[in-house]
Amino acid sequence: MTQNFLMVQELAKSFPTANGKPGAPVFEDIHFSIQRGEFVCIVGHSGCGKTTILNILAGLDESTSGVVIMDGREVRGPSLDRGVVFQSHALLPWLTTLKNVEFGVRSRWPDWKASQIQAHSTKYLEMVGLGQALHKKPSELSGGMKQRVGIARAFAIQPKMLLLDEPFGALDALTRGTIQDELVSIVQATHQTVFMITHDVDESILLADKVILMSSGPYAKIAEIVEVTLPRNRTRHTIHHDPQYYKIRNHLVDFLVNRSQEYAGAELAADYDPRHPPVVRPGLAVDTHDSANVPDKPTPHQPLLHAVTKN
Amino acid sequence: MDIHKRWHAPLLSVIIFGLFLGIWYLATVPKEAAVIVDEEYAKLVGAAAATGSKTAVPNPTAVAVKLWEHIKDPFYDRGTNDKGIGIQLGYSIGRVLVGFFLAAVLAIPLGFVIGMSPLLYKALDPFIQVLKPISPLAWMPLALYTIQDSNTSSIFVIFICSLWPMLINTAFGVASVRKDWLNVARTLEVSPLRTAFQVILPAAAPTIMTGMRISVGIAWLVIVAAEMLVGGTGIGYFVWNEWNNLSISNIINAILLIGLVGMVLDAILNRLAKAVTYKE
């Protein structure tokens with residue numbers, strides 16, 4: 001496990017209360033890792049600290065304890081190595097689409113000539129289908145187009161890792177689907193390592209290699225890590241024909257609806273080890289019926305991690 | 001329908017102006033009763049006033065004639081108390097611009113620093129809150145005593161009254177730049193200087209411009225009063241001088257021109273504000 005691209009260890013965050021004392025931790029004992037080229041989604045109810053975790057990975061926020069190591073280095077403060085796509089797209093409204101992307105590119109390669117910066121930025125905007133809107137201001141763009149600019153800006157600096165904070169949350173279903181498809185193809189082409197927050201179970205199955213399920217806060221923890229075992233060449237139009245799809249989907253929805261509360265505080269299973277949260281592969285569960293929803297029954301050929309650490 | 005509506009407001013304006021002139025004219029129609037009060041008194045205050053046949057307030061025509069005289073020859077200079085109205089307005093505008101410019105040079109960078117630093121914001125806030133409500137004219141004696149020059153003192157008074165709106169608005173604008181935009185700059189490792197000029201400044205520019213617009217408005221209000229106090233030159237002194245001459249026509253014309261210049265100053269700043277405004 002030493003060649004993990006990103007390692008998160010013992011991460012915890014508590015915000016000070018009104019009287020200045022440290023409050024109850026929003027989340028604690030967060031351990032997970034991401035391999036190079038992996039797409040990881042984090043799912044959980046509001047208030048479990050997903051955005052805080054992402055901000056800590058981005059270097060925008062500081063953890064109360066714990067470390068984040070990316071590519072062998074501790075994350076301290078923001079870096080061009082990690083591109084961030086913000087939920088609110090966060091485009092600078094006084095700059096055109098092109099200038100918004102150039103703003104980042106100029107930072108990444110300060111020695112480049114203006115023409116080079118422009119060509120590079122244009123290329124990435126064309127990649128997200130905005131070749132026609134280079135000289136428009138963000139206020140002239142639709143919500144989906146703005147988010148595309150945000151994605152182009154993050155990709156254009158060619159970061160080692162991309163952090164997406166619920167990028168499609170504010171979009172209508174149709175636009176969301178189109179941009180998801182675009183993201184799938186870009187990520188597949190670039191082998192980009194991605195960490196993404198989402199509330200959308202279908203989105204996480206479409207995009208992710210593994211889904212981190214957070215229990216509800218305070219004292220939120222990683223309840224499970226669900227491996228999405230569907231083949232990588234997924235598309236939105238065919239994914240639901242795969243028999244694994246509904247097994248995984250049911251598992252995720254069941255967690256969010258029924259089980260996410262159970263993990264809070266002392267009610268944890270005795271064999272729960274935060275360093276190695278249970279890894280489940282509901283897509284590969286052999287049973288035909290509801291067994292996919294029960295994480296504690298490891299499939300015989302793939303023993304779960306927590307089952308191993310039990311002893 | 002829309003074309004008609006577009007003409008409604010200006011048409012109404014013209015009607016209101018016409019009504020105003022009509023009432024003014026009727027109110028100043030000379031009365032018939034001609035009773036000579038006293039020969040010597042009549043000599044002193046002017047025969048018309050003494051007989052009561054004419055009020056001291058001129059009718060619109062008299063004012064218009066005087067206005068035409070001023071417009072025809074705005075820049076003559078026949079000694080201290082007889083300068084063209086253009087020259088007087090020029091002095092006032094010059095003082096306002098110098099004072100306003102000096103205030104902007106201090107207030108905008110200082111406001112920027114205060115806005116960036118919550119510590120400084122809190123530390124300087126009591127001073128700003130105490131100094132802000134002081135009438136700029138209250139500074140005048142102190143300015144005259146220390147500077148010992150009436151012209152510079154008026155400029156100082158303009159400076160001090162222009163300072164606060166620009167300082168407060170700049171600090172507020174800088175402090176309330178959207179966190180997202182700053183985070184974008186941080187994740188892109190943009191240098192602090194580039195962040196200041198390419199993110200914070202354009203983001204706060206509309207608020208800063210609003211402060212400048214308020215400042216120039218206050219400055220133009222204050223300069224008239226300051227020049228009345230200090231004397232010598234300027235439109236404020238002109239008004240006071242014409243009061244001493246009891247030339248109501250000139251005073252009315254000066255009031256009109258003060259309003260027009262104020263409007264033009266505001267329009268210029270408004271145009272500049274529009275240029276830096278962005279739509280989110």
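**View 1. Helices α2(A) and α4(A) pass each other in chain A.** In this predicted model, the axes of helix α2 (residues 97-108) of chain A and helix α4(A) come within 8 Å. They cross at roughly 25 degrees. Angles under 35 degrees count as roughly parallel, so α2(A) and α4(A) are roughly parallel to each other. The crossing of α2(A) with α4(A) is right-handed. From α2(A), the residues that take part are Thr97(A), Asn100(A), Val101(A), Gly104(A) and Val105(A). They meet Val149(A), Ala152(A), Arg153(A) and Ala156(A) of α4(A). By class, this contact holds 5 nonpolar, 3 polar and 1 charged residues.

**View 2. Helix α4(A) also meets helix α5(A).** Helix α4 of chain A covers residues 143-156, and helix α5 of chain A covers residues 173-190. Their axes come within 10 Å and cross at roughly 15 degrees. That angle is under the 35 degrees cut-off, and α4(A) and α5(A) are therefore roughly parallel to each other. Their crossing is right-handed. On the α4(A) side, look for Gly144(A), Gln147(A), Arg148(A), Ile151(A) and Phe155(A). On the α5(A) side, look for Thr175(A), Ile179(A), Leu183(A) and Ile186(A). The contact of α4(A) with α5(A) divides into 5 nonpolar, 3 polar and 1 charged residues.

**View 3. Two assigned domains of chain A touch.** The domain assignment divides chain A into domain 1 and domain 2. Domain 1 is written in pieces: 6-74, 162-171 and 192-309. Domain 2 runs over 82-158. The contact takes 13 residues from domain 1 of chain A and 12 residues from domain 2 of chain A. On the domain 1 side, α1 (50-58) and β7 (161-165) of chain A are the elements that give two or more residues. Which of them gives the most to this side? β7(A) does, with 4 residues. The domain 1 side of the contact has 9 nonpolar, 2 polar and 2 charged residues.

View 4. Chain A contains 8 helices and 11 strands. Chain A has 311 residues, and 43% of them are buried. Consider the contacts in chain A with a separation of 6 or more. Of these, 70% join residues 24 or more positions apart.

**View 5. Chain B touches chain A.** Here 14 residues of chain B are in contact with 18 residues of chain A. On the chain B side, α9 (179-187) and α10 (192-230) each supply at least two residues. The largest share of the chain B side comes from α9(B), with 6 residues. By class, the chain B side has 7 nonpolar, 2 polar and 5 charged residues.

**View 6. Helices α8(B) and α10(B) cross within chain B.** Helix α8 of chain B covers residues 150-175. Its axis and that of α10(B) come within 7 Å. The crossing angle is roughly 155 degrees. Angles over 145 degrees count as roughly antiparallel, so α8(B) is roughly antiparallel to α10(B). α8(B) passes α10(B) in a right-handed crossing. The contact of α8(B) with α10(B) has 19 nonpolar, 11 polar and 1 charged residues.

**View 7. Pro141(B) sits in helix α7 of chain B.** This helix covers residues 140-147. Is Pro141(B) buried or exposed? Pro141(B) has 11 other C-beta atoms within 10 Å, so Pro141(B) is exposed. Pro141(B) and Ala9(B) are 132 residues apart along the chain. Their C-alpha atoms are separated by 46 Å.

**View 8. Met263(B) sits in helix α12 of chain B.** This helix covers residues 248-276. Met263(B) counts as exposed because it has 11 C-beta neighbours inside 10 Å. Met263(B) and Trp220(B) are 43 residues apart along the chain. A distance of 10.0 Å separates their C-alpha atoms.

Terms used: Residues numbered from 1 in each chain as written. Chains lettered and ligands numbered in written order. Predicted model: local features only at pLDDT ≥ 70, side-chain atom pairs only at ≥ 80, totals over all residues. Contact = placed C-beta atoms within 7 Å. Nonpolar A, V, L, I, M, F, W, Y, C, P; charged D, E, K, R; others polar. Buried ≥ 20, exposed ≤ 12 C-beta atoms within 10 Å, placed from the backbone. Axes fitted to C-alpha atoms, helices over the stretch in contact; angles between N-to-C directions. Parallel < 35°, antiparallel > 145°, perpendicular 65-115°, else oblique. Left-handed = near helix turned anticlockwise from the far one by under 90°. Domains from an automatic or database assignment.
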